[in-house]
Amino acid sequence: MEPTVISPKTPGAVIPTAGGASAKGGPVRFWARELLANAVVIVALVIAMEVWSRHVPPFIMPPPQRTFNAMISALQNDYIHIALTIARLLVAVFAALLIGTLIGAAMALIRPLEPYLRSIVVIDTGVPALSWMLFAIFWFEQAEARVFFILLMILVPFYALNVFDGIRALSRDLVEMVETFRPSRLQVLRLLVGPHIVPYLLMTTKAIIGYATRMTVFAELVSVSSGMGARMGAAQSTFAMDGVLAWTIILVIANLLIQGLVQGLESLLLRYRPEVEVR
Amino acid sequence: MTAEVSTDIIVLDKVDKRFGPNYAVQDLSFTVKRGQIVALLGRTGAGKSTALHLMMGVMPPTSGRLIVDGLDPFREFKKLRGKLAVSFQTDRLLPWRTTLENVALGLQILGIGAVERRRRAEEWLANVKITGAENLAKYPHELSGGMRQRASLARALAVDPNLLLLDESFSQLDHVTSHALRTDVAELVRRLSKTCVLITHRIDDALEMADRVLVLTAPAKVAYDLEVPPGLRHDKAWLTEQERLIAGAMSGPAEQPRVT
């Protein structure tokens with residue numbers, strides 16, 4: 001039976017290694033195989049696009065070369081839109097992390113507030129993303145405020161609920177140990193609760209980052225005239241399928257880079273965790 | 001009262017602790033003099049842990065008088081800052097802190113500056129025989145069970161407490177490691193003239209370390225009070241006789257808490 005590595009980094013995450021990083025061959029071989037698999041899939045997709053483009057008009061499927069040219073053009077001329085989207089995403093995720101942590105901590109630590117805050121968070125999770133987008137268009141004139149509001153309303157509940165669960169999972173033994181030194185409430189939060197919830201924050205960020213990227217683009221498409229979502233909308237309105245595909249590829253790459261950034265952050269912040277092998 | 005503060009670091013006077021109708025501790029009275037090592041010995045359910053939690057100040061007694069270092073440990077919880085420290089059955093090291101950072105935790109809470117904190121933490125780690133930059137930089141999961149327990153003791157001692165409470169601190173270690181650690185801790189505590197209360201269910205732990213052994217039976221009554229003469233601590237015949245007497249005292253009704 002292949003061993004499975006229980007990720008030390010995020011609570012509950014299990015990564016099947018399939019003879020990968022920690023089993024046979026080591027990490028270099030594992031990553032080489034991953035890269036090879038990705039390259040094979042990309043080449044297969046390009047071939048499929050090429051074949052399909054020969055049988056349909058360019059507004060259905062343009063040749064890969066044309067999509068590639070559109071991508072280069074977007075990177076050269078519209079980089080400000082890429083930067084805008086990434087900045088909006090990162091600012092919103094960071095703000096959601098802060099606000100969600102405060103709400104989650106208040107839910108866990110101030111007992112009388114818990115049912116009310118929980119109720120607000122649960123109602124928020126039930127509101128469709130599209131509704132927040134439409135509300136934002138009615139309520140905010142400023143483009144940045146619209147996107148920020150939409151992302152905040154969508155992302156805050158994830159952080160709040162995970163931080164709440166994280167604090168509730170805090171070991172009673174550790175709390176008792178810290179309390180023997182008679183700390184202030186602020187010291188308990190800084191020295192015990194804060195470091196304890198870091199894995200929960202990272203897990204939430206990893207889980208939502210792809211979703212948040214899609215939501216950012218969607219919000220830009222619906223409510224503003226700048227950013228990658230708006231550019232995709234413009235391409236779609238002029239039947240420029242090569243542009244739509246180019247922006248999609250740029251989005252996927254941007255998303256991978258952001259995921260890599262979070263992964264790096266995780267490796268740095270959770271370096272104290274051991275890897276566990278289950279056979 | 002003044003005499004108690006100066007000579008007796010712990011005073012329990014007719015202390016009761018009830019959970020609903022059940023007594024975890026009933027009518028418990030004893031004192032601990034400064035500089036003594038006292039073992040509270042008893043079977044599971046004898047009320048040792050409740051007595052410890054009362055002395056730690058994390059719960060109030062239902063009735064009776066409890067004084068720790070001249071203070072009510074529950075009502076004057078914060079005033080005991082830096083005066084009392086506890087080492088537990090399990091090491092309870094924070095997994096995200098290195099060995100050095102774990103030992104410095106109490107000092108950080110006391111507001112000691114980073115440089116002094118590091119110096120003192122290193123000093124206390126050396127006292128419990130953990131040295132070398134490599135060991136100090138290790139995370140808890142990278143240490144052996146014995147080293148983790150030593151680090152936990154260093155963390156408690158680093159705040160220079162007047163009173164050290166050891167809650168079954170050696171019971172999860174193998175016999176050889178446990179013996180070595182007990183010897184080291186007893187030597188250290190005596191050298192520093194600290195007061196130490198050892199909570200244990202193991203007769204050998206108690207006789208080997210303590211100046212005085214109090215045997216508790218459910219619900220936490222002192223059934224046997226033994227002063228250990230320093231000259232007889234290693235006398236095999238005396239130890240055997242005392243083990244027999246203590247075992248007899250411990251075999252009282254320990255499993256069932258009394259119901260009113």
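Predicted model: local features only at pLDDT ≥ 70, side-chain atom pairs only at ≥ 80, totals over all residues.
Residues are numbered from 1 along each chain as its sequence is written, chains are lettered from A in the order in which they are written, and side-chain values use heavy atoms, with hydrogens and water left out. Helices (H or I, at least four residues) and strands (E, at least two) are DSSP runs, numbered from the N terminus.

**Helix α7 of chain A**

- In α7(A), which spans residues 172-179, the buried residues are L174(A), V175(A), E176(A), M177(A) and V178(A).
- S171(A) caps the N-terminal end of this helix, with a side-chain oxygen 3.1 Å from the backbone nitrogen of D173(A).
- E176(A) also forms a salt bridge with R92(B), the closest N and O atoms being 2.7 Å apart; a salt bridge is a side-chain nitrogen of Lys or Arg within 4 Å of a carboxyl oxygen of Asp or Glu.

**Between chain A and chain B**

- The contact, meaning heavy atoms within 4.5 Å, takes 21 residues from chain A and 26 residues from chain B.
- About 2,300 Å² is buried between the two chains, and carbon and sulfur atoms give 64% of that area; buried area is the accessible area (1.4 Å probe) that two parts lose on being put together, summed over both.
- On the side of chain A, F181(A), R182(A) and Y272(A) lose the most area to chain B, together 38% of what that side buries.
- Across the interface of chain A and chain B, the rule finds two salt bridges.

**Two domains of chain B**

- Chain B is divided into domain 1 (1-83 + 162-260) and domain 2 (94-160), with bounds that come from an automatic or database domain assignment.
- The centres of domain 1 and domain 2 of chain B, taken over C-alpha atoms, are separated by 26 Å, and 17 residues of domain 1 are in contact with 15 residues of domain 2.
- Between these domains about 1,300 Å² is buried, 67% of it given by carbon and sulfur atoms, and R81(B), L181(B) and L188(B) supply 31% of the area that domain 1 buries against domain 2, more than any other three residues.
- Three salt bridges are found across this domain interface, and D184(B) forms a salt bridge with K129(B) in which the closest N and O atoms are 3.2 Å apart.

**Salt bridges within chain B**

- D69(B) and R34(B) form a salt bridge with closest N and O atoms 2.7 Å apart; D69(B) lies in the loop between β4 (63-68) and β5 (84-87) and R34(B) in the loop between β2 (22-33) and β3 (37-42), so the pair ties together parts that are 35 residues apart in sequence.
- D69(B) is buried, at 9% relative accessible area, whereas R34(B) counts as partly exposed at 32%.
- R119(B) and E123(B) meet in a salt bridge of 2.9 Å, N to O, and, being four residues apart in helix α5 (residues 114-127) of chain B, are separated by about one helical turn.

Notes. Buried < 20%, exposed > 50% of the residue type's maximum accessible area, 1.4 Å probe, protein only. Polar contact = N/O pair within 3.5 Å; in protein donor to acceptor, adjacent residues only side chain to side chain.
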